[in-house]
Amino acid sequence: MLKPVEKEEIIEDLSKIMEERGFTLSKLNDEAYIAKSGSLSMLIWLPNEDYLLIDDPVKFVERMGLNKVDSIMVVSYRAFYLADEVSKLIDTVRVWNGMYLNVKVYAVDIYRLGERLEETLNLALTTFSSKVSSINEPDGPCPQCGSQMLIKYRHSHRSLIYEKPVIEEILVCDKCMVKIHRVKVQ
Ligand SMILES: [Zn+2]
């Protein structure tokens with residue numbers, strides 16, 4: 001379980017990293033935030049407990065607004081276990097309540113938070129590239145079908161993995177949907 005002081009530090013670090021990556025953060029409740037970029041909406045969940053003890057899955061879905069977001073990022077020392085539990089809960093409400101949630105579940109381990117979060121954001125931005133896309137620039141042939149690749153997303157930030165400023169780009173082939181996430185170290 002996180003100590004309040006530790007939790008405050010994690011939220012501070014997390015907010016800085018998310019803002020550096022172009023997201024705006026707003027508080028949902030005492031253990032969750034909503035991060036937005038373009039039309040991409042992600043729930044960041046910092047569970048107060050290290051386990052998932054839920055007697056009413058539908059209530060959890062409603063409290064966390066899981067039907068209003070594209071993804072949930074579980075930030076915890078037991079992120080992989082909890083992300084697995086959330087995935088099971090999503091299956092449960094589908095089977096028992098006919099509630100179909102189109103939500104990608106990501107696990108972000110608090111150990112080395114910066115790097116883990118950067119990897120998760122790289123993945124989420126690539127998956128949801130159409131929701132964050134603001135450009136449409138041609139850039140070479142698709143490695144799979146040879147059609148024109150298009151740069152759909154570009155963002156400059158300081159990488160915590162490379163410890164240098166980088167330009168991040170997402171290239172998409174509209175014909176066969178191949179996507180490339182590219183990081184240019186400055
Ligand atoms: Zn292609």
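Which residue in E9 is the bridge partner of Ile167? The views below lead to that residue.

**View 1. The whole chain in a predicted model.** This is a predicted model, in which local features need pLDDT of at least 70, side-chain atom pairs count only at pLDDT 80 or more, and totals for chains, interfaces and linings use all residues. Numbering starts from 1 along each chain as its sequence is written. The protein has five helices and nine strands; these are DSSP runs (helices H or I, at least four residues; strands E, at least two), numbered from the N terminus. Their pattern along the sequence is α-β-β-β-α-β-α-β-α-α-β-β-β-β. The C-alpha trace spans about 50 × 40 × 25 Å along its principal axes.

**View 2. The open sheet E6-E7-E8-E9.** Four strands lie in this order with antiparallel pairing; two strands pair if DSSP finds at least two bridges between them. Strand E6 (137-141) and strand E9 (179-185) each have a single partner strand, so one side of each has no neighbour in the sheet. From one strand to the next, the twist averages 35°.

**View 3. Strands E8 and E9.** Strand E8 (residues 165-172) pairs with E9 in the antiparallel sense over seven bridges. Lys184 in E9 is the bridge partner of Ile167.

**View 4. Helix H4 on the sheet.** Helix H4 (residues 113-127) packs on the sheet and touches strand E7 (148-158), E8 and E9; a contact means C-beta atoms, placed from the backbone, within 7 Å. The direction of H4 makes about 135° with that of E9. Axes are lines fitted to C-alpha atoms, for helices over the stretch in contact, and angles run from 0 to 180 degrees between N-to-C directions.

How values were computed. Contact = placed C-beta atoms within 7 Å.
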